[in-house]
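Good morning, and thank you for making time for this presentation. I would ask you to keep the sequence and the structure in view while I speak.

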Amino acid sequence: MTAFPRPSSSRSRRLGAARALGSLAALGTGALGYALLEARMPVLRRFPVPVLADGEEPITILHLADLHLTDRTEARVAWVRGLAAEHPDVVISTGDHLSFASGLEPLQRALEPFVGLPGAFVLGDHDYYSSVFKLPTRYLRRDPRTADAEDARDHLVELPWREVIELQASGGWADLTNARGTLTVRGRRVDLVGVDDPHAERDAYPAPDDGSDGAASAALLPPVLDRSGRALRLGLAHAPYRRVLDAMAGDGVALALAGHTHGGQLCLPGFGALVTNCDLDRRRVTQRLSQWPGRIGDPSTAGDMYLHVSAGLGTSPYTPVRVACRPEATLLTLVPAR
């Protein structure tokens with residue numbers, strides 16, 4: 001019987017390395033495919049928020065964040081429109097409505113079913129300037145903005161942010177760009193305060209209302225009461241920076257709403273967000289609903305402001321992936337604290 005020659009040890013090593021590389025490439029391709037798929041699997045999350053006084057009727061808030069719309073996000077538009085079937089009492093949008101200018105018309109269609117409902121909004125940095133490609137590794141820095149060139153903003157394309165404001169304000173929603181406002185829910189007043197995007201350092205916390213610009217007439221409405229017996233106040237910010245959350249907590253805000261973080265976007269199962277793209281701790285991004293400024297799980301935080309950080313619905317068009325962090329909208333139901 002003729003014996004076949006055995007492959008040399010160097011050839012065996014090359015074959016083994018080739019197989020390992022092939023397996024690694026297949027694994028990487030599969031992981032990328034799943035990440036692309038997960039970014040197109042939105043979910044509606046629901047949380048009760050015990051911030052109302054005894055006897056108050058529940059109020060449902062639909063929180064939208066980080067839509068990042070373009071002319072190629074029709075499935076996202078259709079999904080948002082379908083949320084009208086939940087019949088929320090209030091709609092809140094916390095910015096980054098666009099990625100490119102082509103997203104303005106899709107934004108109009110996405111929000112059209114909610115026209116006539118009480119609502120409020122703030123803008124994010126992606127409402128002001130078009131998305132551009134950025135190295136993903138920049139987000140591993142403590143402050144990703146330090147990776148940008150000093151003149152980076154000079155080369156950005158301005159988006160139709162004035163039209164984004166007009167689109168929502170014309171539907172009766174309160175523009176909280178460094179401003180205070182009110183909503184009327186079933187004949188009762190809900191107070192509001194908001195800031196422009198803290199991540200872009202556009203925030204200027206508004207002073208207490210002096211009764212001008214219609215505030216006096218709004219004050220004639222009986223307020224919804226929070227668990228402390230004060231007029232219920234909601235706070236809006238695109239990016240949940242600590243300085244803004246501290247200001248809101250000191251201002252008597254019962255519930256602050258923000259987005260920006262994408263929930264970490266690329267998370268590890270059982271660990272959560274790797275980064276937050278702001279100075280908020282990772283656990284609050286992963287948990288979504290927490291209290292500020294107290295520590296998560298500490299019973300002494302019972303009287304602290306509630307904070308909801310949405311993982312949002314979109315991503316940058318240049319990194320359209322998510323891992324262990326599905327895109328989301330949230331239905332928050334405000335209920336009595338006891």
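Let me begin with a definition: a crossing of two helices is right-handed if the near helix is turned clockwise from the far one by less than a right angle, and left-handed if the near helix is turned anticlockwise. Please bear in mind throughout that this is a predicted model.

With that definition, we may turn to the helices α2 and α3. In this model, α2 passes α3 in a right-handed crossing. On the α2 side the contact is made by Glu74, Val77, Val80 and Arg81, and on the α3 side by Pro106, Arg109 and Ala110. Two packed helices are described by the angle between their axes and the distance between the axes. Here the axes of α2 and α3 come within 8 Å, and they cross at roughly 20 degrees. Angles under 35 degrees count as roughly parallel, and α2 and α3 are therefore roughly parallel to each other.

I now come to the salt bridges. How many salt bridges does a search of the whole structure find? The total is 16. I shall present three of these pairs.

The first topic is Glu112, which forms a salt bridge with Arg81; their closest N and O atoms are 3.2 Å apart. Arg81 belongs to helix α2, which spans residues 74-82, while Glu112 sits in the loop between α3 (104-111) and β4 (119-121), so this pair ties together parts that are 31 residues apart in sequence. Both partners are partly exposed: Glu112 has a relative accessibility of 39%, and Arg81 has one of 34%.

Next, Arg186 forms a salt bridge with Asp89, and here the closest N and O atoms are 3.2 Å apart. Arg186 is found in the loop between β6 (179-185) and β7 (188-194), and Asp89 in the loop between α2 and β3 (90-93), so the pair ties together parts that are 97 residues apart in sequence. Arg186 is partly exposed, at 47% relative accessibility.

Elsewhere, salt bridges that share partners join Arg45, Arg288 and Glu328 into one network.

Let us move on to the strands. β6 and β7 form a hairpin with 2 residues between them, and Arg186, in the turn, has a positive phi of about 50 degrees. The two strands run antiparallel and are joined by 7 bridges; one of the pairings is that of Arg180 with Val193 in β7. β7 also pairs with β8, in the parallel sense, over 4 bridges. Within that pairing, Leu192 has Leu234 of β8 as its bridge partner. Why is β7 described as largely enclosed by the rest of the structure? The reason is that 6 of its 7 residues are buried.

Finally, I would draw your attention to Arg230. This residue lies in the loop between α6 (215-219) and β8 (233-236). Arg230 is partly exposed, with a relative accessible area of 46%. Leaving aside residues up to four places away in sequence, Arg230 touches Val224, Leu225 and Gly252. The C-alpha atoms of Arg230 and Ala254 are separated by 9.6 Å, and the two residues are 24 residues apart along the chain.

Thank you for your attention.

Notes:
Residues numbered from 1 in each chain as written. Predicted model: local features only at pLDDT ≥ 70, side-chain atom pairs only at ≥ 80, totals over all residues. Heavy atoms only, no water. Buried < 20%, exposed > 50% of the residue type's maximum accessible area, 1.4 Å probe, protein only. Contact = heavy atoms within 4.5 Å. Salt bridge = Lys/Arg side-chain N within 4 Å of Asp/Glu carboxyl O. Pairing = 2+ DSSP bridges. Axes fitted to C-alpha atoms, helices over the stretch in contact; angles between N-to-C directions. Parallel < 35°, antiparallel > 145°, perpendicular 65-115°, else oblique.
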